[in-house]
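Hi,

Here is the structure I said I would pass on. Have a look at it first, and my notes follow below.

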Amino acid sequence: MIEILRNRRSIRNYSTKKVESEKILILKEAILRSPSSKNINPWEFIFVDDPDKIKKLKGCKPHGVTPLATAPLAVVVCADETKNDVWIEDCSIASILLQLTGQSLGLGSCWIQIRNRMYTNEISSEEYIRRMTNLPENFKVLSIVTLGYPAKIREGKSFEELQFEKIRNNNF
C-alpha cells in the first residue's frame with residue numbers, strides 16, 4: 001500500500017489505450033467493497049466509457065475538467081442522500097479507493113469535484129449531470145473519477161517534499 005501511495009499522482013492526460021474489461025471489473029469490485037457508515041451503502045456509481053458521454057460530462061463545469069478530455073473511463077460517484085447523513089464521507093472513501101485500486105492496476109486517475117460546483121450561475125454541476133444521466137432527484141453527486149493509462153508517467157512526491165510540520169503529537 002505504501003508503494004501505491006508513494007507513486008500515486010493525479011493524471012490529467014491519458015493515452016488512447018482503453019481500460020480492459022477485466023480491470024474495469026476489478027474497479028467495480030473494489031468500489032463496492034468500500035466501507036460505509038453503518039454498512040448502509042448509500043453510494044451508487046455510473047461507469048461511463050462511451051467517449052461521447054465522457055465528452056458531455058466535460059461540460060459539467062467551466063474549470064477543473066481537463067482529465068475528461070482524454071479519459072477512456074469516468075466514474076460518477078453519487079449517493080441517495082435520504083439513506084444516510086454521511087453520504088459525503090462514504091462517497092469520498094469510495095472515490096479514493098477507486099483511485100488507489102486504479103493505481104494498483106497500472107492506471108492513472110484524477111478526482112473531479114462536482115459537489116458545490118456550478119455549470120452556470122443558475123445551474124449546478126450536479127444538476128447538469130442529473131439531467132445527462134437521468135439521476136433521481138434524491139441523489140447527490142460528489143465527484144467524477146477519471147481513469148486510464150497515463151499519457152506520461154509522473155513521479156510520486158519525494159519523502160523530502162512531505163509536510164511533516166502538519167503532524168502534531170498529542171496536542172496541536
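**Around Leu27**

Leaving out neighbours within four places in sequence, Leu27 is in contact (heavy atoms within 4.5 Å) with Phe47, Leu73, Leu98, Thr101, Gly102, Leu105, Leu107 and Leu147. Leu27 is also among the residues with the most contacts inside the largest nonpolar core, along with Phe45, Val75, Cys91, Leu98 and Leu147; that core has 20 residues. Helix H2 (21–32), strand S1 (43–48), strand S2 (73–80), helix H4 (87–104) and strand S4 (139–148) each give two or more residues to this core. There is a second, separate core of 17 residues, which includes Ile54, Leu68, Ala74 and Tyr128.

On terms: a nonpolar core is a set of buried Ala, Val, Leu, Ile, Met, Phe, Trp, Tyr and Cys residues joined through side-chain atoms within 4.5 Å. Buried means under 20% relative accessible area, exposed over 50%, and partly exposed in between, with a 1.4 Å probe and protein chains only. Helices (H or I, at least four residues) and strands (E, at least two) are DSSP runs, numbered from the N terminus.

Before you go further: this is a predicted model, so local features need pLDDT of at least 70 and side-chain atom pairs count only at pLDDT 80 or more, while totals for chains, interfaces and linings use all residues. Residues are numbered from 1 along each chain as its sequence is written, and side-chain values use heavy atoms, with hydrogens and water left out.

**Helix H5**

In H5 (residues 125–133), Ser125, Glu126, Tyr128, Ile129 and Arg130 are buried. The buried residues of H5 pack against helix H3 (51–57), S2 and S4. Just after H5, Asn134 has a positive phi of about 60 degrees.

**Cysteines**

With a disulfide taken as a pair of cysteine sulfur atoms within 2.5 Å, the count is 0. Cys60 is in no disulfide, and its nearest cysteine sulfur, that of Cys110, is 12 Å away. Seen from Cys110, the closest cysteine sulfur is the one in Cys60, and 12 Å is too far for a bond. Cys60 is buried, at a relative accessible area of 0%, and Cys110 counts as buried too, at 3%.

Cheers
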